[in-house]
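Subject: Structure for you to look through

Hi,

Here is the structure I promised to pass on. Please open it and follow along with the notes below.

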Amino acid sequence: MAVGARSGHDEPEKRADEAIGDDVTGDDVTDDERAHDDDDGAAAGRSGRSPKKPRSFWKELPLLIGIALVLALLIKTFLVQAFSIPSESMMNTLQRGDRVLVDKLTPWFGSEPERGEVVVFHDPGGWLEGQKTPDPNVVQKFLSFIGLMPSAEEKDLIKRVIAVGGDTVSCKEGGKVVLNGVALDETSYLYPGSVPCQDSFGPIKVPEGRIWVMGDNRQNSLDSRFHQQLPGGGTVANDQVVGRAVVIAWPVTRWATLPVPDIFDQPGLDKAAAAAPLGAASLAAALPLVLWRRKKRTAGHTAE
């Protein structure tokens, strides 16, 4: 009876110990964690909503595509744009089918074309008259518009800047191009076997805010030389320039930058350009002195 009485008292004591908080299940969970879970469950019950699940990849994809298209459009509009070379007028610097990247950012900050740069510019009017242009499909036009393909706008041209506003340029048949009185050695970029000019032109004073452009393949380039009868006299307005071509991006085997040739860094080019105004100013300053000396000499002879 004593054994039975002891055993009857042990069970209630064990249940009492469990009620106090002893872990009899073996789960490694503290009382604080249980309270936190209870609070979460109560909050979810009050709001009537289940915990928010992350969106699936397929739901996020249209948003990602939209962001990518907007970024591509902004880059094409303000930073760089791809252009496809349609002819041999710039060989061997550029070949038909090359894709070049054009810097469109610096013109936004007031940068103007400089001598020796390869630039893309809009047709000034009449340069591409009568030439056939391809008719891209809707997809090509769209991809070109957002900048994911080279420009489908075929009213653009690409040439090298030879002279800028204020420069004087000329060339005699079979001779070298003369810029501000300095003969240019263009062998570093002219197409092998090409002469600087097959027909004489100039001297031509390039108006301020305009440029004189020529292709590197002089015998196969309808450039400024052949449009002197049009408004502008063959020159191109600076605001018609899309930007400077800085790199050949495609094909990969022809990847290269397009730097300004060293001949355009000659100090003599700028000095020669400034010589004419300086000479005129010197003549204007010296004229009163000459007249004064002549008047004084005449007065001396009369007194004698």
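His-227 lies in the loop between S9 and strand S10 (236-237). Strands here are DSSP runs of E with at least two residues, and helices are runs of H or I with at least four, both numbered from the N terminus. This is a predicted model, where local features need pLDDT of at least 70, side-chain atom pairs count only at pLDDT 80 or more, and totals for chains, interfaces and linings use all residues. Residues are numbered from 1 along each chain as its sequence is written, and side-chain values use heavy atoms, with hydrogens and water left out.

Back to His-227. Is this residue buried or exposed? His-227 counts as buried, because its relative accessibility is 6%. The cut-offs are under 20% relative accessible area for buried, over 50% for exposed, and partly exposed in between (1.4 Å probe, protein chains only). The His-227 side chain reaches the backbone oxygen of Asp-223 at 2.8 Å.

Next, the strands. Strand S4 (residues 156-164) is mostly covered, with nine of its nine residues buried. S4 pairs with strand S9 (residues 210-214) in the antiparallel sense, over four bridges. Two strands pair if DSSP finds at least two bridges between them. Val-161 stands opposite Val-213 in S9. Strand S3 (residues 118-122) also runs antiparallel to S4, and five bridges join them. Here Val-118 has Arg-160 in S4 as its bridge partner.

Now the disulfide, meaning a pair of cysteine sulfur atoms within 2.5 Å. The structure holds one. Which residues does it join? The link runs from Cys-171 to Cys-197, with 1.9 Å from S to S. It connects distant parts of the chain, 26 residues apart. Cys-171 sits in strand S5 (residues 168-171), while Cys-197 sits in the loop between strand S7 (182-183) and strand S8 (201-205). The link is left-handed, with -80 degrees about the S-S bond. Cys-171 is buried at a relative accessible area of 2%, and Cys-197 is buried at 0%.

Last, the surface. Leu-79, Val-80, Leu-105, Trp-108 and Phe-109 form a nonpolar patch there. Together they have about 520 Å² of accessible area. One of them, Leu-105, is in the loop between strand S2 (99-103) and S3. Leu-105 counts as partly exposed, because its relative accessibility is 35%.

Best wishes

Methods. Patch = residues over 30% accessible without salt bridge, like charges linked within 9 Å, V, L, I, M, F, W, Y side chains within 5 Å. Areas by Shrake-Rupley, 256 points an atom, 1.4 Å probe, with all protein chains shown as cover. Salt bridge = Lys/Arg side-chain N within 4 Å of Asp/Glu carboxyl O. Polar contact = N/O pair within 3.5 Å; in protein donor to acceptor, adjacent residues only side chain to side chain.
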